[in-house]
Amino acid sequence: VIAILVLIIGGVTLWQELTWKGWISVGTVALVLVLLINDTYEPHFTMTLGMVILLITTVIDVSEALEGFSNSGVVTIAILFVVAKGIELSGVLKYVLRYVLKRPKIMLVAQARLLLPVAILSAFTNNTPIVAMMVPLVQSWSRQTQFKASHLLMPLSFATILGGTCTLIGTSTNLIIAALIEEEYPDISIGFFEVAYVGLPVLIVGMVYIFACSRCLLPIRSVGAESFTSDPREFSAAVRVSPKCPVKGKSIEAAGLRHLPNVYLFEIQRGEEIISAPAPTTILAEGDVLYFSGVINSMRAVYEVDGLVPADDDQVRKITNLKDHILCEAVVAAHSPIVGMTVKQSHFRTKYNAAIISVHRAGSRVERKIGDICLQPGDTLLIETTTNFIEYNQNNSHFSLVSRVEGLDTVLPKQDVLNMLFVAIPAIIMVVVSIINLTSLLAAAFVVACFYIVTLRLTMAQALSSIKGDLLIIIAAGFAIGTGLDNSGASAIVANSVLPAFQLLGNFGVLLGLFV
């Protein structure tokens with residue numbers, strides 16, 4: 001309704017010079033805005049619909065409709081998605097941030113330790129994978145520090161946006177505007193940090209506002225996502241304190257292992273000694289085997305503690321194709337040949353290329369060593385295996401049900417420092433050569449993406465799946481709609497009717513008018 005009123009008032013008073021093509025262009029923009037606001041269709045379809053309307057009404061031709069798909073800025077964004085995926089899979093950002101975050105006592109310190117590094121990182125890589133990668137990490141960290149995740153996740157999103165305004169590659173918008181400027185004015189080149197003259201002050205003001213006001217404005221959600229799990233079954237997990245584990249020599253309380261939501265440390269095995277229901281002051285030692293129980297979604301917090309490795313990690317590592325590992329649940333069928341056998345007797349890993357992590361039986365966990373558990377019909381096995389397990393055993397009479405566990409692929413720690421350096425160094429070189437104008441960002445990103453694929457840091461399937469096609473369509477279709485406004489003269493007429501009111505404030509007023 002508002003869009004229609006604006007069109008009528010503008011057409012009667014200010015936009016009398018608009019041609020019929022101009023009216024189609026303005027009407028198409030209004031239609032697209034209404035559909036986007038109402039979330040009628042997916043955004044990429046809505047933008048494509050606007051482009052098609054302008055194409056069939058001859059406001060733009062075919063070459064202009066497809067011009068955005070060949071724009072260097074759009075292609076650069078696509079390739080940077082591949083680079084960001086390689087960085088994400090390497091775990092280098094998680095590795096660095098774990099040592100930065102630590103265990104603060106005050107919310108302000110916690111937000112500073114989280115948001116400042118994230119803002120810096122988002123200036124040099126795409127925002128989307130950073131947020132996607134950080135959400136589970138922040139949720140786990142909030143459980144260990146007893147801070148509300150609602151006071152960390154929304155500020156995390158804003159920090160990535162603000163940080164992205166400081167460099168050329170920080171946001172897709174910066175890349176697109178830079179490409180348009182270079183296309184229109186070939187003699188002008190936007191430097192890597194040139195946008196920081198505006199972006200950095202905005203980042204500082206935004207961060208100060210978040211630190212000062214977020215705790216007052218954001219709601220306190222006392223019930224975490226784990227409480228809504230559709231699978232409340234409890235499993236037990238056995239993890240071992242490795243030689244380089246940071247919790248070694250600390251008490252259970254100081255290590256942050258006492259207040260993990262929906263997870264309970266019920267036993268410690270120290271050599272031949274068994275410590276049942278250990279006290280919070282119990283000091284952890286190298287080689288201790290810690291037995292936790294809890295719902296499966298919450299077990300992620302245990303496996304994400306640095307230095308805690310599965311007690312039977314040697315069995316997990318023997319499973320082939322480590323990069324394709326997944327977690328599955330399998331229910332033992334009544335007539336399965338493994339019924340009545342212990343896990344060790346059944347040769348489960350050899351037979352199924354899968355390692356049993358935990359067993360759930362008749363509404364309760366089975367609290368004993370995995371190898372000594374005698375399997376019974378109806379036992380639910382939490383297993384680590386490969387992607388082929390579901391395909392081969394979904395209709396196998398040995399199991400009555402097989403399903404994948406979402407959200408956690410492996411219980412093994414992912415901290416291959418050599419692999420992290422192998423991924424991080426090329427990305428750093430890409431940024432450096434772009435800063436010193438040794439080559440274009442597009443060329444540098446292409447080289448790094450190809451390097452990741454050739455050296456098997458990324459598979460071709462992972463590279464292709466990392467490219468957000470819907471986002472690229474939105475951007476490319478936006479080019480076509482913008483060209484339609486320009487071709488029809490609508491953009492010039494609308495701008496000339498709006499901007500004069502802001503020109504009294506000078507250049508700042510013009511910018512303010514554009515934003516309005």
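Modeller: Contact, in what follows, means heavy atoms within 4.5 Å. We're looking at a predicted model, where local features need pLDDT of at least 70, side-chain atom pairs count only at pLDDT 80 or more, and totals for chains, interfaces and linings use all residues. Residues are numbered from 1 along each chain as its sequence is written, and side-chain values use heavy atoms, with hydrogens and water left out.

Colleague: Okay, let's start with Val423. Which residues is Val423 in contact with, leaving aside its neighbours within four places in sequence?

Modeller: Gly86, Ile87, Ser90, Tyr452 and Arg457, once those neighbours within four places are set aside. Take Tyr452: Val423 sits 29 residues from Tyr452 in sequence, and their C-alpha atoms are 7.3 Å apart in space.

Colleague: And what makes Val423 count as buried?

Modeller: Its relative accessible area is 1%. Buried means under 20%, exposed over 50%, and partly exposed in between (1.4 Å probe, protein chains only). With 1%, Val423 is therefore buried. The residue belongs to helix H17, and helices here are DSSP runs (H or I, at least four residues), as are strands (E, at least two), all numbered from the N terminus.

Colleague: How do you know that Ala480 is buried?

Modeller: Ala480 has 0% relative accessibility, so it counts as buried. This one is in helix H20. Its contacts, leaving aside neighbours within four places in sequence, are Met51, Leu54, Ile60, Glu64 and Ala65. Ala480 and Thr48 are 432 residues apart along the chain, with 9.2 Å between their C-alpha atoms.

Colleague: What makes His347 count as exposed?

Modeller: His347 is at 54% relative accessibility, so it is exposed. Asp39, at 57% relative accessible area, is exposed too.

Colleague: Back inside. What is in the largest nonpolar core?

Modeller: It has 36 residues, and Ile87, Met430 and Tyr452 have the most contacts inside it. The set is called a nonpolar core because such a core consists of buried Ala, Val, Leu, Ile, Met, Phe, Trp, Tyr and Cys residues joined through side-chain atoms within 4.5 Å. Two or more residues each come from H5 (72–90), H6 (92–101), H10 (172–184), H17 (417–435), H18 (441–454) and H20 (469–487). H5 gives the most, with nine. Met430 itself, neighbours within four places aside, touches Leu80, Val83, Leu441, Ala444, Ala445 and Val448.

Colleague: Why is H9 called roughly antiparallel to H11?

Modeller: H9 (150–164) and H11 (196–217) pack at about 170°, with axes 10 Å apart. That angle makes them roughly antiparallel: under 35 degrees counts as roughly parallel, over 145 as roughly antiparallel, 65 to 115 as roughly perpendicular and the rest as oblique. Axes are lines fitted to C-alpha atoms, for helices over the stretch in contact, and angles run from 0 to 180 degrees between N-to-C directions. Among the residues that meet are Pro155 and Phe158 in H9, and Val202 and Ile210 in H11.

Colleague: What makes strand E6 mostly covered?

Modeller: Eight of the eight residues in E6 (325–332) are buried. His325, Leu327, Glu329 and Val331 point one way, and Ile326, Cys328, Ala330 and Val332 the other.

Colleague: How many bridges join E6 to E9?

Modeller: Seven, and E6 and E9 (380–386) run antiparallel. They pair because DSSP need only find at least two bridges between two strands. Leu327 stands opposite Glu384 in E9. Five bridges join E6 to E10 (399–404), again antiparallel, with Cys328 opposite Arg404.
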